[in-house]
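Student: I have a model open and would like to talk it through with you. Can we start with the surface and then work inwards?

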Amino acid sequence: MHSDAKAAVMAAASNNPVHPAGHQPPATAQEIVHSFEEADHHEVSLAGYQPEDWICLGIFWVMALLVFLQFFSRYVLNDSYAWTEELAVYCLIGVVFIGSAMCVRACRHIQVDFLYRYLPPPVGRVLATVIDLLRTAFFGYAVWLTYRYITLVGDEPMTTLFWNKAYVYWMALAGFALMFLRSVQVSISNWRQGYSILENPAAYESQD
């Protein structure tokens, strides 16, 4: 009798397993297949991407191919191509500056919004507007400085190739120019909607 009761309890436990709090049961094969079926019905939209996104992606893949060629020539051919390392570094510079324009557009640069939690809304609005103006002015000044730098040392040749380093400097200039334009757009948008990411970070969480 005791063994029959014990078997009944074990059978009930196997049919209705009790999981600790916070632990979900493992997904079944049917649930996994269903999740893939739902993913197949999701439409991929490229509407949110801008020209700097595609330019940055292209430069990144060129850099990846250069790094692979450097690895292949060094460890497989035993004859490293020195120019691949230099060009990969220059591509990284392009990724950084063009990618920074993407961050400005999406308001994803490093920022501190702790103070805005304790400021009255009108004071926070004024301070956020001042930040927008200072950021835009900084990028505009960086454009001018980069152009001045190109005019001074733009004819300097590369180390391993007889190419002009001005191509690299022009990429940096293009990045700062894009950052300036995106900063103007963000500032106008913040002014029209009445808040920025500093004042209302929760409104930008859906963009992640």
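Student: What does the accessible surface of the protein chain come to, and what percentage of it belongs to carbon and sulfur atoms?

Tutor: Bearing in mind that this is a predicted model, the accessible surface of the protein chain is about 15,000 Å², and carbon and sulfur atoms account for 68% of that area.

Student: And how many helices and strands are there?

Tutor: The protein chain has six helices and zero strands, which gives the pattern α-α-α-α-α-α when it is read along the sequence.

Student: What share of the residues is buried?

Tutor: Of the 208 residues in the protein chain, 26% are buried. As for contacts between residues at least 6 apart in sequence, 68% of them join residues at least 24 apart.

Student: Which residues in the largest nonpolar core touch the most other members?

Tutor: That core has 13 residues, and those touching the most other members are Ile59, Leu66, Leu87, Tyr90, Cys91 and Met158. Helix H3 (51-75) and H4 each supply at least two residues of this core, with H4 giving the most, namely six residues. There is also a second, separate core of six residues, with Ala101, Val104, Ala142 and Met179 among them.

Student: Going back to Tyr90, what is it in contact with beyond its neighbours within four places in sequence?

Tutor: With those neighbours left aside, Tyr90 is in contact with Met158, Lys165, Val168 and Met171.

Student: Now Ser100: where is it, and is it buried or exposed?

Tutor: Ser100 is in helix H4, which covers residues 82-105. Ser100 counts as buried because its relative accessible area is 15%, and the cut-off for that class is under 20%. Not counting residues up to four places away in sequence, Ser100 touches Val95, His109 and Met179.

Student: Changing topic, how much space lies in the largest pocket, and which residues lie nearest its centre?

Tutor: The largest pocket holds about 370 Å³ of space. Its lining consists of 19 residues, and Ile110, Gln111, Ile131, Arg135 and Leu198 are the ones that lie nearest the centre. The elements giving two or more residues to that lining are H4, helix H5 (121-153) and helix H6 (166-193).

Student: Which element gives the largest share, and what is the lining like by class?

Tutor: H5 provides the largest share of the lining, with four residues. By class, the lining of the largest pocket is made up of 12 nonpolar, four polar and three charged residues.

Notes: Residues are numbered from 1 along each chain as its sequence is written. This is a predicted model: local features need pLDDT of at least 70, side-chain atom pairs count only at pLDDT 80 or more; totals for chains, interfaces and linings use all residues. Side-chain values use heavy atoms; hydrogens and water are left out. Buried means under 20% relative accessible area, exposed over 50%, partly exposed in between (1.4 Å probe, protein chains only). Contact means heavy atoms within 4.5 Å. Accessible areas come from the Shrake-Rupley method with a 1.4 Å probe; for residues, only the protein chains shown count as cover. On a 1 Å grid over the protein atoms alone, a cavity is a set of points where a 1.4 Å probe fits but cannot get out, and a pocket is an open set with protein on both sides within 12 Å along at least five of seven lines; lining residues have an atom within 4 Å of a point. Grid points are joined across faces, edges and corners, and a volume is the space filled by probe spheres set on the points. Ala, Val, Leu, Ile, Met, Phe, Trp, Tyr, Cys and Pro count as nonpolar, Asp, Glu, Lys and Arg as charged, and the others, Gly among them, as polar. A nonpolar core is a set of buried Ala, Val, Leu, Ile, Met, Phe, Trp, Tyr and Cys residues joined through side-chain atoms within 4.5 Å.
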